[in-house]
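Let's take a look at how two protein chains sit against each other. Have the sequence and the 3D view open as you read.

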Amino acid sequence: MNARELALIAGMTLVTFLIRYSFFALGERLAFPPLVRQALRYVPAAVLTAIVVPMVLLPDGVHWQVTWRNPWLLGALASGLIAWRFNHLLASIGGGMAVYFLFRLVLK
Amino acid sequence: MAIVLPRTGPPHRLGEVWAGARDSLPMLVGAAPLGAIFGTLAVPSGLSRGGALAMSLIVFAGSAQFIALTLLAGGAGLAVILLTTLVVNLRHALYSATLLPHVAGLRQRWRIPLAFWLTDETFAVMLRRYRAGDASPYKHWYYLGSGLSMYVNWFIWTLAGLVLGSSLPRLESLGLEFAMAATFTGIVTPMLRDRPMLGAALAAGAAALAGRGLPYKLGLLLAALAGVAVGVVLERRRAT
């Protein structure tokens, strides 16, 4: 590892850690104002949906695949339905993966 | 005579660690091909083997590591790579703020490693653990279990990619990444019980699609902010 690489990795470590630690660092010294608290309640639903939706509708990252021939879409729909109906995470993941792999086999 | 109370759930530290690792299993499976690809691509991109291992060991940020490889291969300078790392990882500040109320009471010696292990995957798993109704005082041990398992897994698969390289079977063709999509879907769906929450998710999903061409995960960050804004507006409108 040369000096340039060392600097690169040390820099990336510092930047990444400081972002992740940003709010944790403050601990109990920080009390969010009501508006921020209200806003933060929506972060989970917003972030997770924003990660999943493009993965599922454009599995290759380029082409839209809004069709029943898309195993990503079918698997995610199965996961969502099971989670919605039964609120059981493991069943939702297992069911979604079963549908996903089944359709990959069938549609191959 | 001592009365033995029946145990429900894992009330103990090690039980929480184990549960955190176990519940992260689909994410471990989903991250495996990515770690292996990172290990495989590192040397051809101009990173040394030691550098690749060090990155997985002390940076521990998948997306940023991949983008760093691309930039390195393209001959980008140090400042550009660090600035890009900052932008790519900005979403973690949002996670840090969201989880703060749950970790604020912990000592620094807990908050520092937990911050280091704050990834998309552990964030998702922790949302669910913190929302669970039980009052376990050891939920941070669950966080430890999730973070540590993701960490060790990422390192092992980076190493496998480095050592085995192209002789490694093509893990990415197995579709294991779907495990991550299934888990995120399973975690998010039960949250969408009221109109503001549903509106936030729909807006975030639409914005993510619209912004998917943006580089450095900016589309994801903007989508999250759009979703939050819509959720707040809908909630206020309902209240008035």
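What follows is a short tour of the interface between the two chains, ending with one residue. Keep in mind that this is a predicted model.

Start with the overall contact. On one side, 62 residues of chain A take part, and they touch 88 residues of chain B. Between them, the two chains bury about 6,600 Å², with 74% of that area on carbon and sulfur atoms. Within chain A, the residues that lose the most area to chain B are A:Arg20, A:Phe24 and A:Tyr42, which together account for 14% of what that side buries.

Now for the polar side of things. The rule finds 18 residue pairs in polar contact across the interface of chain A and chain B, counting pairs with both residues at pLDDT 80 or more. Five helices of chain A each give two or more residues to the side that touches chain B: α1 (3-21), α2 (34-40), α3 (43-57), α4 (71-86) and α5 (89-107). Here is that side of chain A sorted by class:

| Class | Residues on the side of chain A that touches chain B |
|---|---|
| Nonpolar | 43 residues |
| Polar | 13 residues |

Finally, zoom in on A:Ser79, which lies in helix α4 of chain A. Is A:Ser79 buried or exposed? A:Ser79 counts as buried because its relative accessible area is 0%, and the cut-off for buried is under 20%. Setting aside neighbours within four places in sequence, A:Ser79 touches A:Ser92, A:Ile93 and A:Gly96, plus B:Ala182 and B:Thr185 from chain B.

Technical notes:
Residues numbered from 1 in each chain as written. Chains lettered and ligands numbered in written order. Predicted model: local features only at pLDDT ≥ 70, side-chain atom pairs only at ≥ 80, totals over all residues. Heavy atoms only, no water. Contact = heavy atoms within 4.5 Å. Buried area = accessible area lost by both parts, 1.4 Å probe. Polar contact = N/O pair within 3.5 Å; in protein donor to acceptor, adjacent residues only side chain to side chain. Helix = DSSP H or I, 4+ residues; strand = E, 2+ residues; numbered from the N terminus. Nonpolar A, V, L, I, M, F, W, Y, C, P; charged D, E, K, R; others polar. Buried < 20%, exposed > 50% of the residue type's maximum accessible area, 1.4 Å probe, protein only.
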